[in-house]
Amino acid sequence: MRFFWLALFLLTISCTAIRTDREGARELSRPSDEEAFHFVVFGDRTGGPKEGINVLASAVEETNLLDPDFVMTVGDLVQGYNQTPEWLAQTHEYKETMAGLQMPWYPVAGNHDVYWRGGEVPPGQHEANYEEHFGPLWYWFGHKNAAFIVLYTDEGEGASNRKGFGLPELIQMSSGQLEWLAGALSAASSYDQVFLFMHHPRWIEDYYQGGNWDEVHRLLVESGNVSAVFAGHIHRQRYEGRRDGILYYTLATVGGGLRMDVPGSGSQHHFDQVTVREGGFEIASVPVGTLYDPEGLTPEFLEDVEKARTLPIKSRTPQIELGVEGEARGTLSYSIQNTTTRPIELSFRIKQTPGDWLVRPSEDKLALEAGESGEIEIDLERPGDGFLTPFSIPQAVFQIDYLAASRRISLPERHLFIPLMPVALPYPVGPPAQEKAMWLAGDGSGLWISDEALELSSSTFTLEARFQANDLSGDRVLIGKYDGNGFALMLSNGRPRLVAKLGGKRLNLWASESDSVEVGRWYHLAAVSSAAGTDLYLDGRLVGTSERTGPIAKNSLPLIIGGNPDHQGAIGSRFSGAIDEVRISTTARYQEDGFTPPIRHEADADTALLLHLDRDDGPFALDAS
């Protein structure tokens, strides 16, 4: 018995004291005896290149090193938007990669996992496949002192078998799932904490308008023990703070598509590690082997980084004249003001075909404190060789580093095309050739228009073009100037669509699937915005409408006909086919359903841009506005 008490005494000493034979050293506090466990959360896998599966595999390896109790996901596990054979192949690839985890993992269904495309659509689309190969669409389980609830945010409109997330009727949580959730929360009432997982962050009003998330949030608040909610879908981390005692987190990706890869600003491949203790939890994001606090990614911080990414770079240079033999000479001058709350460093260079242009100096740099302005000047010259040298329109390339309090954030390069204007054309103008158009092979060719050449500041405008498509897969942009700000008139898998930032809020206006276009036919597509709202017309028929209105949010990217500029100014979402009669107007030209679009547009006082695209003018297109 005396041995037992001695052993217990020694055990108590070993658990509560720091022991050493060193005298005079600073006393160290003992570690907590509080029990804890860890779990990891993976973001979206979809939307990126096929090689993204390798990012997921790396995340699996790193997670095994951390050795959490289990792994959660937030949906979009496979690319989907297909039929069963392709879906099963993608599912096998994902599950085979996740099988490398040394702990259990739990799925969440996202839109990519359940949306069906092509052929006869089965009831529920891919829901039956998902439940057979991944698990239930909604469920819950308990672990130690916490409960984990998974919700399904792509029920859609069951009666019509429609699914989507751009219309209010498609983003409702069904009464059946709400009733189940209330029961699950009641059953989990004895747990210290509850964590919720879903795909769509329905609480972000800018993305999800007209849903019933408030009803879900009310149930979570009434339960009294929900600690946090995790979601994905938007492919960028976002921390919304505490709402009625509940923390809201949105994850970016683990191998999915990224609009920009800027580690440290919430746009990167990462996973989150959560440490659960009695009465609370801690969360750390793990991108490429580093740890940082995602609660630093507040809306204010993200806004400041976004402001740095889109700082107006103003050209003080009029158009540089290009002679009939290709000769040109001029000085480029750019000014920039740092309107962020942190210092920035800016580097500048000219991108061109090697040997085409002479540039002095070849590059320049500028450091600006918060609120400070600066200017860069570059001399540019081209010999008159009759365009024998491969002709290139030079681009001014800017790269900005945002100097945050504890790290440098290198933002994506921005490419601005140098404004060139031919002095004269080496052939007579001649009559218009209406049978001609601009034909694009979807290979990166297209028509660039500098940001300075087009001013759309009013909330009233019309975007329109005639087109004939050769390929309707994916996103195919007719008129593009969108990077979160700006606008893009486009086709998505053949469905007409307008994406724009109007009045400070994002508009995603779709035509219905029944209004999808066909390959090889000519169409007229127009987007019209006024104080009454924004409408989408196909061949004069109203195919989409929204109450959203307001001025277009500006960006400094070029306007592209036949694609959309990426963050480097290169063409993405490339159109394949013919584009003709592009007109941008500062008035609402069409306001009634059932008009007959003109075959050839005419310019008037409200015409901001008019491209007939019926002449061959070398590297230029003539603006008839």
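Two strands count as paired if DSSP finds at least two bridges between them, and β31 and β32 meet that test with five bridges in the antiparallel sense. Strands here are DSSP runs of E with at least two residues, helices are runs of H or I with at least four, and both are numbered from the N terminus. Please keep in mind that this is a predicted model, in which local features need pLDDT of at least 70, side-chain atom pairs count only at pLDDT 80 or more, and totals for chains, interfaces and linings use all residues. Residues are numbered from 1 along each chain as its sequence is written, and side-chain values use heavy atoms, with hydrogens and water left out.

**The hairpin of β31 and β32**

- Two residues lie between the strands of this hairpin.
- L538 has R541 in β32 as its bridge partner.
- D539 sits in the loop between β31 (533-538) and β32 (541-546), and its phi is positive, near 50 degrees, although D539 is a residue other than glycine.
- With a relative accessible area of 29%, D539 is partly exposed; that class lies between buried (under 20% relative accessible area) and exposed (over 50%), using a 1.4 Å probe and protein chains only.

**A six-stranded open sheet**

- The strand order of this sheet is β24-β33-β26-β27-β28-β29, with antiparallel pairing.
- The edges are held by β24 (447-449) and β29 (505-510); each has a single partner strand, so one side of each has no neighbour in the sheet.
- On average, neighbouring strands of the sheet are turned by 15 degrees against each other, direction ignored; the axes behind such angles are lines fitted to C-alpha atoms, for helices over the stretch in contact, and angles run from 0 to 180 degrees between N-to-C directions.
- Within the sheet, β27 (residues 486-492) and β28 (residues 495-502) run antiparallel and are joined by six bridges.
- L489 stands opposite L498 in β28.
- As background, strands of a sheet pair through backbone hydrogen bonds, either parallel or antiparallel.

**Helix α3 and its buried face**

- Helix α3 (residues 84-98) has 15 residues and reaches 21 Å from its first C-alpha to its last, close to the 21 Å expected at 1.5 Å a residue; the expected span is 1.5 Å times one less than the number of residues.
- The buried residues in α3 are W87, T91, Y94, T97 and M98.
- Seen down the axis of α3, these buried residues fall within an arc of 130 degrees, so they line one face of the helix; the arc is that of the directions from the helix axis to the C-beta atoms.
- P85, H92 and E96 are exposed on the other side of α3.
- The packing partners of the buried residues are β1 (36-42), α2 (52-66), β2 (70-73), β3 (105-106), α4 (111-114) and α5 (127-133).

**The loop between β7 and β8**

- Both R236 and Q237 belong to the loop between β7 (226-231) and β8 (238-243).
- R236 counts as buried at 13% relative accessibility, and Q237 is buried with a relative accessible area of 3%.
- The side chain of R236 reaches the backbone oxygen of S265 at 3.2 Å.
- R236 touches a list of residues that includes T250, L251, R259, M260, S265, L302 and E306, not counting residues up to four places away in sequence; contact means heavy atoms within 4.5 Å.
- The side chains of Q237 and S285 are joined by a polar contact of 2.8 Å, a term for a pair of N or O atoms within 3.5 Å; within protein, one must be able to donate a hydrogen and the other to accept it, and residues adjacent in sequence count only if both atoms are side-chain atoms.

**Backbone details in two other loops**

- The peptide bond from R360 to P361 is cis, with omega near -15 degrees, and P361 lies in the loop between β16 (358-360) and β17 (363-368).
- N161 lies in the loop between β5 (146-150) and α6 (175-187), and has a positive phi of about 65 degrees although it is not a glycine.
- N161 is partly exposed, with a relative accessible area of 22%.

**A624, after β37**

- A624 is placed in the segment after β37 (607-611), and is partly exposed with a relative accessible area of 33%.
- A624 touches A603, L610 and H612, leaving aside residues up to four places away in sequence.
- From C-alpha to C-alpha, A624 and V114 are 47 Å apart in space, and they are 510 residues apart in sequence.
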